[in-house]
Amino acid sequence: MPEGWTRRAALTPADGASEELWELWEDERVVAAAPVRARYGKPLDVMAFRGIDAAAHRRAALDLCRAAAALHDGEADAGPCPCCEGAGDVERLASVAGVDYVRCRRCGHGYVPRPPIEALARRFAASEEIAAVYTDPDTAAVRMEQVVAPKLAWALEAAERSLGRPPASLLDIGAGAGHMVAGARRRGLRAEGYELNRHCCSFARERLGVELRHGDVLEARSGGERFDLVTLWGVLEYVPDPTRLVARAREFLAPGGTMVVEVPRVDSISTAVQRELPQFVARHLDPASHLNAFSDASIATVLWRSGLVPSEAWYFGMDAFELASQLALHGELSEELCRATLGLQPDLDRARLADDLVIAATGAAA
Ligand SMILES: [Zn+2]
């Protein structure tokens, strides 16, 4: 009998969408059975969005090394798993910028030693470099159209299926430059967002007319305020204690509401590529900001511990982009080879080897 989370799925790879069954096993019995509506792949014109630029990649990787050295003490122990509270029974996953990612043998979670809390707070509250990804005017239109709009639409549909009516309100935790909040308001929702980074908050106010709540949601009072949809897009990888943040976010969820979390997936081609070629890493296994890389089981565990079970999952990634970028760094990449490499992504998404996962989760049945 298995122990922990399992996934049942059709043997024939699905094209676009399918039904999965996620089950949690404890003491040889199933304690949670969650039918999960799954989607595979997301169109993204990665060349319009980022392009492959070996020189820029190399610079970003060197910046990452410097930031990682400032954040981490090379001697620190990884400690217990932040997702399943496993006692720290880990194996080494990859070493990037002098920092070891380890993997929990119990839930598969990938993580680095927790840096000092003050160093983390300094890094996120004021960093222009972190804000720059979200506030770059050159990619703002593509970000809104190809990143924010499809994710928002997916989340709204998932919430509507669970509520039985369109959601009326949204809280975005780690709201970045406010694009998600702005998009939700445009669709008529009451939408609010929390964001730590002051540059992001300024951008949201000045460019999108959105006043985000500047500060840490862990320290905010919910005051009984509830939302139909609570989202954490690419946030849980940054925090030392993702379980605590999800539990906090759960307090804002209205009865019958949906929580949506997006996390980087450890079981992906990007992870494998960076494990084999760790010299120039500029995203994904980034120990200067990504303290966590989730297994499907580790994020399911985090949600479960807050009384939530997955209802929908969306697998997609930038693994092919990662591979093409690494090939370009290690030699000339012809246009033909670049195009062929980027063409692999839909297959990786369908095979669940993609580096990104969005999960919608709802309250577990009593
Ligand atoms: Zn674990």
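Two strands pair if DSSP finds at least two bridges between them. Helices (H or I, at least four residues) and strands (E, at least two) are DSSP runs, numbered from the N terminus. This is a predicted model: local features need pLDDT of at least 70, side-chain atom pairs count only at pLDDT 80 or more, and totals for chains, interfaces and linings use all residues. Residue numbers start from 1 along each chain as its sequence is written.

Q: What makes β5 and β6 a pair?
A: Strand β6 covers residues 110-111 and joins β5 over 2 bridges, in the antiparallel sense. Arg103 stands opposite Gly110 in β6. The two strands form a hairpin with 5 residues between them. Gly108 in that turn has a positive phi of about 85°.

Q: How many bridges join β4 to β5?
A: There are 6, and the strands run antiparallel. Val96 stands opposite Val99 in β5. This hairpin has 2 residues between its strands, and Ala97 in the turn has a positive phi of about 55°.

Q: Why is β5 called mostly covered?
A: Of its 6 residues (99-104), 5 are buried. A residue is buried if 20 or more other C-beta atoms lie within 10 Å of its own, exposed if 12 or fewer, and partly exposed in between, with C-beta atoms placed from the backbone.

Q: Why do β4 and β12 count as edges?
A: The open sheet of 4 strands has the order β4-β5-β6-β12, with antiparallel pairing. β4 and β12 (292-293) each have a single partner strand, so one side of each is left without a neighbour in the sheet.

Q: Which strands stand at the edges of the sheet of 10 strands?
A: The order is β1-β2-β3-β13-β14-β11-β10-β7-β8-β9, with mixed pairing.

Q: What makes β2 and β3 a pair?
A: 10 bridges join β2 (residues 17-26) to β3 (residues 29-40), and they run antiparallel. Leu24 has Ala32 in β3 as its bridge partner.

Q: Why are α8 and α10 called oblique?
A: Their axes cross at roughly 45° and come within 9 Å. Axes are lines fitted to C-alpha atoms, for helices over the stretch in contact, and angles run from 0 to 180 degrees between N-to-C directions. Angles under 35 degrees count as roughly parallel, over 145 as roughly antiparallel, 65 to 115 as roughly perpendicular and the rest as oblique. α8 and α10 are therefore oblique.

Q: Which residues of α8 and α10 meet?
A: Pro242, Thr243 and Val246 in α8 meet Val302, Leu303 and Arg305 in α10. Contact requires C-beta atoms, placed from the backbone, within 7 Å. By class, this contact has 4 nonpolar, 1 polar and 1 charged residues. Ala, Val, Leu, Ile, Met, Phe, Trp, Tyr, Cys and Pro count as nonpolar, Asp, Glu, Lys and Arg as charged, and the others, Gly among them, as polar.

Q: Why are α11 and α12 called roughly antiparallel?
A: They pack at about 155°, with axes 8 Å apart. The cut-off is over 145, so the pair is roughly antiparallel.

Methods:
Contact = placed C-beta atoms within 7 Å.
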